[in-house]
Amino acid sequence: MTARQQHQDDMAWSALHRRIPLATAALSLTVAAPAAFGVTRLLTGADLPRELVIAGAAGVVALVVAAAYAYGVARLRTTRFRLTHDRLELRAGVLVRQHRSIPRDRVRSVDVKADVVRRALGLAVVKIGTGEHTTGEHTELTLNAIAAAEAEALRRTLLTGAGAAAPASPSAGHPGHPERFGHAGPGHREHTEPGHPGHAGHIGHAGHSGHSRHAGHAGHEESVRVVAALRWGWIRYAPLSIWVFVGGAVAAGALKKVLDVVGIDLFSTAAATAAWEWLVGNPWVAVPIVAAGSLLVGLAGALGLFAESWGNYRLEQEARTLRVRRGLLTTRSLTMETRRLRGVAVAEPLLLRLGGGAKVRVVAVGLRKAEGQESEEVSALTPPVPRAEAFRVASHVLHASPAPTPPGPAVQDAPATRGFPGTPDHHTVAGRPTVSRTPNTHGPDGGHTLAGAPDAHGPAGAAGGHTGSIVTDPVDARAAVAWGELEPHPKAARGRRTRQAIGAVAVLAAAMGVTEWLTGWIPPVAWALPVLALPAGLALAADAYRGLGHRLAGGHLLTRAGSAGRTTVALDTGGIVGWRIRQSVFQRRLGLITVSATTAAGDGHYDVLDVGVAKGLDLASRAVPGLLEPFLARVPRPARPRT
Amino acid sequence: MTELTLRPPRNLADPRTVAWWTVQAFLLAVPLAAAVLAAYWFLTPRPAVLGGVAVAVALACLLSAATVPRAYYRVQRWEITDEAVYVRSGWITHTWRVAPMSRVQTVDTARGPVQRMFGLADVTVTTASAAGAITIEGLDHELAAELAARLTAVTQATKGDAT
């Protein structure tokens, strides 16, 4: 143990911020106010003197606020945390004591959030994510709350070039020179680069190098590159979501809930009854009015939500991290290590797509799941933005993620005597090419397109040597591949989607028919539903087929699918931890398979839906050379499948 | 003309697996069939048509318990090489799973109560993916233990967290 480490292990524990009781007390007003209102109504109804009513309400408020303040004090007294050389430790718990300790090299994301109250008090909540799928739960450590400046310092220390957090590769060659990160001179720490996706090239592969720089200094010297920043014009995409249509109903439901809590029953008043009767009496006037009102509320809600969620939005690239900052009232900042990135997803839900917009999500290891009340996915990198902007940001992020080097000594070096029982004739070939990818080395022309990164598979054709049967096309390293140019899937996939659409409509019609036959409840107007659903379903099926596509480019597996929720994913092939290949009865008849790349990041698996058998297998074997080849075979081509 | 396909993994489960699955299927099917017949006998006025249906359902339960394990045994195959774990399963939907050894995170063996009577065990291999673990069912328990030990040794030699 070094002296420094000894020193750090003896380091004192620090407390949370002393203004926490104030914050909890202020936040408790949201509970206290409706409680006071309810008490007031209750006491007013009981015909008590006015003074008593006021005293009662004030008493309730005082009680709630005092309890919250006391709880804040208790939390402040019982919570201690410290950052040592290699661990972050937390002791907390008012009633149940707990001691959490997470190794710093497991820290994968840092989330800093401050709502209005905490911002006013200069506080911020820090969530440190180590998210691991294997344990079945996302391990996360929350510091609620520390001073905003302290939160920023902790964020930098944990993720930005801190010595302890870097992988142990002291001789990795790149000292942590800030000059590497773009073109920033000393007086030029920050700059935007609108419309120049290509310049990202230099940044990408910094993450894996070992920074020996001490945590305290590193953060301040590294430049910040703004990948994207909010343009208020983007708010035009905010209404292009399903929330506009259901927003009114949701708002009405929420309002009723609030009124229920304070004890007002709006629906039994005389005015409400009269209004209802008028509504029923004049459906041709009332229905458009209600629909328009609902639409207006939904529209206002969507715009408001966009403003609150994405106000002050900035996507920043730092030396080893990617950072999303957003929030008008409640500010949020999510920082993730670039070496945990495994790709990006560009989502184009139907409405947004019709309006020419798209959203970008990150595919990263160890991001926590969104909590119930959060309006955006944690993985969201951009608000709804113009399509071209989305793909520009996505391309930039792809270059920011260094190819993860598969861990460990090459397993293939294992001596051949290590055969497993029960595998009498297993394929073990000495000296097979490694699966591992060396980190990309950008050529001068690298980084200008998605596929600009030279392909790191090396001459994949060499992998064919040991099986003798598999031809693997070496991917052209300099092939410039645009996002849109994906390989289409067989026509059989379109037939499948069409039949599914027809089947769904038929099931709907049959259910309505049976209901009509048994009960006679179906009004004749309702039969318009299946009649209208058929063309809509067929259109969606055709659109879904057009959306299907895949491609292997620049060390990324690209796959696109979906109509109502079309998503294009670019998954780093170095992040693929296995394959799952499925074929249903129907797919068997059509000669299709679904190839899923399993990964530790994001959704856990990304699917190439309904691809031709040979094409899909070839794609998988090229994406991760050496993994699938031993299990492939060539058989005489069967009769041409029906298309 | 030839076409690229996946070849089946080399190994079948232990032959005792058929007996184990059959016993387990009967443990489920016999009470189910009895319940159907009992419900017919005690809860209905015993119309002949319904009786036919009840007998047919009961027979179908027992018949599938006798035959399905055999069919499953034939489609379920596994293989472990020095580089990867390869498993095929599924009857209506075929599923092939491949996980490279370098990305295996944990290896577990599990033995159910009935399974133990047949001297069998399952080996479950997990990777960092949320897409689910790979399970090889119905191995001789000594073979399973040996496989698990070897897999663990290989994966422990792997640095990093296999993500």
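Helix α15 of chain A, spanning residues 613-623, is mostly covered in this predicted model, with nine of its eleven residues buried. A residue is classed as buried if 20 or more other C-beta atoms, placed from the backbone, lie within 10 Å of its own. The buried positions of α15(A) are V613(A), G616(A), L617(A), D618(A), L619(A), A620(A), S621(A), R622(A) and A623(A). Across the 643 residues of chain A, buried residues make up 38%. Chain A comprises 15 helices and 22 strands, assigned as DSSP runs (H or I of at least four residues for helices, E of at least two for strands) and numbered from the N terminus. Among contacts in chain A with a separation of 6 or more, 66% are between residues 24 or more positions apart; a contact requires C-beta atoms, placed from the backbone, to lie within 7 Å.

Chain B is assigned domain 1 (16-73) and domain 2 (78-157), with bounds taken from an automatic or database domain assignment. The C-alpha centres of these domains of chain B lie 31 Å apart. Eight residues of domain 1 of chain B are in contact with eight residues of domain 2 of chain B. On the domain 1 side, α1 (16-43) and α2 (48-75) of chain B are the elements that give two or more residues, and α1(B) gives the most, with six. By class, this side has five nonpolar, two polar and one charged residues. Nonpolar denotes Ala, Val, Leu, Ile, Met, Phe, Trp, Tyr, Cys and Pro, charged denotes Asp, Glu, Lys and Arg, and polar denotes the others, Gly among them.

Residues are numbered from 1 along each chain as its sequence is written, with chains lettered from A and ligands numbered from 1 in the order in which they are written. As the model is predicted, local features need pLDDT of at least 70 and side-chain atom pairs count only at pLDDT 80 or more, whereas totals for chains, interfaces and linings use all residues.

Definitions and conventions
A residue is buried if 20 or more other C-beta atoms lie within 10 Å of its own, exposed if 12 or fewer, and partly exposed in between; C-beta atoms are placed from the backbone. Two residues are in contact if their C-beta atoms, placed from the backbone, lie within 7 Å.
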